[in-house]
Amino acid sequence: MTQTDSSRQADITANLAAVRARIAAAAQAAGRDPASITLIAVSKFHNAEAVLPALVAGQCDFGENRVQEAAAKWPPLCENFPECRLHLIGPLQTNKVREAVTLFDAIHTLDRERLARRLADEITASAKSPALFVQVNTGLEPQKAGVAPKDADRFIAQCRVEFGLNICGLMCIPPAQENASPHFKFLAEIAARNGLRQLSMGMSDDFEAAIAHGATHVRIGSAIFGARSQR
Ligand SMILES: *Cc1c(COP(=O)(O)O)cnc(C)c1O
């Protein structure tokens, strides 16, 4: 990294402002209130120094894909910025559910019965109740998490009825090589017929299309923080 920390921090502040402006423009173009869209700044693989300028600029919602990484990075930052909210956007193992429920305000990756059961137990046992999104594998990619679209209605009903979970919406990650719009439209249809109002969809390369299809939560990493050095 040849850039100094302070110039990198200035870039992040400027990137964040540019992304916010693009979200507002996309909302306006779709006839939607920009305030109905939550920007989740995806800070995975970026350290506290990178996250700090975003916090200072008033960014509240942050996404992480690993429980361990979030647990190491965020508690001291949240102490100084108590309004910050953390979103888990990566796969959740059942043995990390307790830690995830403690740490995160929203979990976007609920996708199987065993996880639903563990979440229900943990939410009952603790005072915390994170917002829950069911992840749908709209592209039926074998390597990707998420319930298959044909199982989504049944799984959502099972989460509600059998486990008493309050599901707030759906999440998807469209296949990287495809036009994302049909996937966004598909996810919105599944949500509508299940009475779900929140849609977690749209990343750096496609968030404007996601907003056109009703995204309420866009998850944006590289457009704010730059390229990630690890995978
Ligand atoms: C990394 C990640 C993002 C952010 O991706 P960018 O292309 O960097 O904006 C969004 N959602 C999920 C689930 C991710 O893992």
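This is a predicted model: local features need pLDDT of at least 70, side-chain atom pairs count only at pLDDT 80 or more; totals for chains, interfaces and linings use all residues.
Residues are numbered from 1 along each chain as its sequence is written, and side-chain values use heavy atoms, with hydrogens and water left out. Local features need pLDDT of at least 70 and side-chain atom pairs count only at pLDDT 80 or more, whereas totals for chains, interfaces and linings use all residues.

We can start with the ligand. The residues around it, taken as those with a heavy atom within 4 Å, are Val42, Lys44, Ile89, Met171, Ile173, Met203, Ser204, Arg219, Ile220, Gly221, Ser222 and Arg228. Of this shell, six are nonpolar, three polar and three charged; in this grouping Ala, Val, Leu, Ile, Met, Phe, Trp, Tyr, Cys and Pro count as nonpolar, Asp, Glu, Lys and Arg as charged, and the others, Gly among them, as polar.

Polar contacts here are pairs of N or O atoms within 3.5 Å. The side chain of Ser204 places an N or O atom 2.5 Å from an oxygen atom of the ligand. Backbone N or O atoms also take part, with Gly221 at 2.8 Å from a ligand oxygen and Ser222 at 2.8 Å from a ligand oxygen. On its own the ligand has 390 Å² of accessible area, of which the protein covers 90% (Shrake-Rupley method, 1.4 Å probe).

Turning to the rings, the structure holds one aromatic pair (ring centres within 6.5 Å, using the six-membered ring of Trp). The centres of Phe62 and Trp74 are 4.7 Å apart and their planes lie at 45°, so the pair is tilted, that is, neither under 30 degrees (stacked) nor over 60 (edge-to-face).

How values were computed
A polar contact is a pair of N or O atoms within 3.5 Å; within protein, one must be able to donate a hydrogen and the other to accept it, and residues adjacent in sequence count only if both atoms are side-chain atoms.
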